[in-house]
Amino acid sequence: MSDQIGLLLKMLLPSVAISIAINYLGNSLDPIPTTTIALIAVFLPSTVIAIFLWLRS
């Protein structure tokens, strides 16, 4: 049971921290919407996961 609570906390706490950071620090950033930023936002998550899985194998 404690393993499940530990896993839940490992997932919940970083998520809350990222949400708070986006909420308070995101307003100070004023990104200019460009095609490059959109492409990075689309392709970065899958690229990071692909690299992680490649390193793990």
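Predicted model: local features only at pLDDT ≥ 70, side-chain atom pairs only at ≥ 80, totals over all residues.

Helix α1 is made of 24 residues. From its first C-alpha to its last it reaches 34 Å, close to the 34 Å expected at 1.5 Å a residue. How many of its residues are buried? The number is zero, so α1 lies largely in the open.

V16 also has its place in helix α1. With a relative accessibility of 40%, V16 is partly exposed.

## A nonpolar patch

V16 turns up again on the surface, in a nonpolar patch with L8, L12, I20, Y24 and L25. Together these residues have about 630 Å² of accessible area.

A bit of helix geometry is handy here: an α-helix has 3.6 residues a turn, so residues three or four places apart point the same way.

## The other helix

Helix α2 takes up residues 35–56, 22 residues in total. It reaches 32 Å between its first and last C-alpha atoms, close to the 32 Å expected at 1.5 Å a residue.

Where does α2 bend? Look at F43, where the helix bends by about 35 degrees. A proline, P45, follows within four residues.

## The whole thing

Step back and the parts list is brief: two helices and zero strands. The C-alpha trace spans about 45 × 35 × 10 Å along its principal axes. The radius of gyration is 16 Å, whereas a compact globule of 57 residues would have one near 10 Å.

What about burial? Across the 57 residues of the protein, buried ones make up 0%. The protein exposes about 5,600 Å², with carbon and sulfur atoms supplying 75% of that area.

Key
Residues numbered from 1 in each chain as written. Heavy atoms only, no water. Expected span 1.5 Å × (residues − 1). Buried < 20%, exposed > 50% of the residue type's maximum accessible area, 1.4 Å probe, protein only. Rg over C-alpha atoms; globule rule 2.2 N^0.38 Å. Areas by Shrake-Rupley, 256 points an atom, 1.4 Å probe, with all protein chains shown as cover. Patch = residues over 30% accessible without salt bridge, like charges linked within 9 Å, V, L, I, M, F, W, Y side chains within 5 Å. Salt bridge = Lys/Arg side-chain N within 4 Å of Asp/Glu carboxyl O. Bend = angle between axes of the 7 residues up to and from the residue.
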